Amino acid sequence: MTSRPLSNTPGHSDPLAHAVPAFGALLAVLLVGAPLAMLLLAAFRGPADYLPFEPGARFTLDNVVGVFADPALITRILPDTLVFVAGTVTLTITIAFMLAWLMERTDLPARGLWFALIVLPLLIPIPVIAIAWITLFGPNAGWANSAIRAMTGFSGQGPLDIFSMGGLIICQSFVTTPFVFLQFSATLRGMSPALEEAAAMAGATAFATFRRVTLPVLLPGLLAPLILLTLVTFEQFELPLIIGLPARLNIFAYRIYTELNPASGLPNYGAACAISLPFLALGIVALLLYNRAIRDAHRFVTVTGKGFRPQRLPLGKWKAPALAALSLYFVFGAVAPAATLLWTSLFGFAPPGVAGFGDFSAAAYRTFLANPLFWRALANTFLVATDSALIVAALGGLIAWTVARSNMPGRRALDFLSFLSLGVPAVIAALAVMVLYLSLPIGIYGTIWILVVAYSYRLATATRLARARIAQISHELEEAAQMAGARWLATQTRILAPLLMPALGAAF
């Protein structure tokens, strides 16, 4: 079956087939276009002691020249950033794919429990995890180092040092692994085993089948998380600041922070935007490579009108090592940080064995539980997170369908626009949203709803995951629904949306 836009097929005289994608495109332009325009404009506005739209500001190349003519960019920032990104991406992809493969393609016992345990670290804020790891692996007073020195007689600092490039990469990998694991799991869960079974019947070994059949068919679902992870790691800020700064590591995102938080004077938005330009360039190159890799969409179809059950390989003698690997990941990724945080909240920073149960105090819990601002903040956080995630997942799925299935004019530009949301730093997006809604007669500035709008500009994750999933779904399912007389909206909600749920759920 060849790939073709569904809008050329019968059944698309339904006005909704054109109105809904057009509305999605307009919403994407509003959510992403404003921050992107702000970034591009502010990068070329100066001088540094003027805000981008302040009277007296003018167009200039000073920001770009000042950033890219800085010797530190070549000698420190670029090397540190590339090592950090390459190490984090390699380690994260390896761990996440192994975990997803065990979960979706093997007869691993208690898969539901392990799935929940793997994604558990997503519930812990990154700065809080960083504090827990520093408490455990700090080179001087870290609990693990103190225990190792006491048992081995090791003198001096260490032997483990979280304030290093290796420590930063490992910590960042544990933070991003659940994010990538969810994406890989959604891809593996939606793959029919028919092609693998055919290869096995033809005499191919398990490794040959994996290399020549499984990996090529899963290409869109594997490339999308890889590209997203690379761009997300490039702009990581919390761990490079908390762990990388004491280690004297200089990462791109930290440079943006220093420009926006000078020791004196106004934030230099122009320089911060100029530093962000490489993110946009990297995003454009990554999307071009991705589109080239999946240009023959029919090669990746695995979900057709025929039903299938996922094939689960017996682990056999590898069951014990698999469970040990999962346990090791869970202990270091979730149990150790969570246990450290719980202990310090009740007994202080003295490690077990030094602090005893006589030092127990629940005063910290009583303080924040009695504070009405805590409960208000919790409710607001839940509202903003849920609503913005719903918008991103729904709009991302709609844009992915528009790009992959429709023949709407400008759909490729829409694809680029949604993807480039990863290249806009959050603080620049916040500035753009603030300026935009101060200028429009829409009364959401100063309310919680402007936060929902601001958080909804990051469409790239949802569009990449949904598009990779759509590449696995054959046109014949939608065509069959149309032939049976189903309207466009019914086809999308009753046929395509349920098949997209694993990808959209991961994006949410």
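Author: Let's begin with Pro47, which lies in the loop between β1 (45-46) and β2 (58-59). Strands here are DSSP runs of E with at least two residues, and helices are runs of H or I with at least four, numbered from the N terminus. The peptide bond from Gly46 to Pro47 is cis, and its omega is near 5 degrees. Residues are numbered from 1 along each chain as its sequence is written, and side-chain values use heavy atoms, without hydrogens or water. The model is predicted: local features need pLDDT of at least 70, side-chain atom pairs count only at pLDDT 80 or more, and totals for chains, interfaces and linings use all residues.

Ala110 sits between α3 (71-105) and α4 (111-119). Its phi is near 55 degrees, a positive value in a residue that is not glycine.

Now step back to the whole protein. It has 22 helices and two strands, and its C-alpha trace spans about 75 × 70 × 50 Å along the principal axes. How confident is the predictor, on average? The mean pLDDT (confidence in each residue, from 0 to 100) is 81, and 91% of the residues score at least 70. Among the elements, helix α8 (residues 194-201) has the lowest mean, 72, while helix α16 (residues 372-405) has the highest, 92. Over residues 1-11 the pLDDT is below 50, although this stretch has 30 contacts in the model beyond near neighbours in sequence. Where pLDDT is low, the predicted coordinates should not be read in detail.

Next, follow helix α5 (residues 126-137), which meets two partners described here. With helix α14 (residues 319-347), its axes come within 9 Å and cross at roughly 85 degrees. That makes α5 roughly perpendicular to α14 (65 to 115 degrees; under 35 is roughly parallel, over 145 roughly antiparallel, the rest oblique). On the α5 side, Val128, Ala132, Trp133, Thr135, Leu136 and Phe137 take part, and they meet Phe332, Ala336, Pro337, Thr340, Leu341 and Thr344 of α14. Contact means heavy atoms within 4.5 Å. Sorted by class, nine residues of this contact are nonpolar, three are polar and none is charged.

The other partner of α5 is helix α6 (residues 143-152), with an angle of about 15 degrees and axes 3 Å apart. These two helices are therefore roughly parallel. Here Thr135, Leu136 and Phe137 of α5 touch Trp143, Ala144 and Asn145 of α6. By class, four of these residues are nonpolar, two are polar and none is charged.

Finally, look towards residue 507. Helix α21 (residues 475-483) packs against helix α22 (residues 488-507) at about 160 degrees, and their axes are 10 Å apart. The pair is therefore roughly antiparallel. From α21, the contact uses Leu477, Glu478, Ala481 and Gln482; from α22, it uses Thr491, Gln492, Ile495, Leu496 and Leu499. Which classes do these residues fall into? Five are nonpolar, three are polar and one is charged.

Notes
Axes are lines fitted to C-alpha atoms, for helices over the stretch in contact, and angles run from 0 to 180 degrees between N-to-C directions. Ala, Val, Leu, Ile, Met, Phe, Trp, Tyr, Cys and Pro count as nonpolar, Asp, Glu, Lys and Arg as charged, and the others, Gly among them, as polar. pLDDT is the predictor's confidence in each residue, from 0 to 100.
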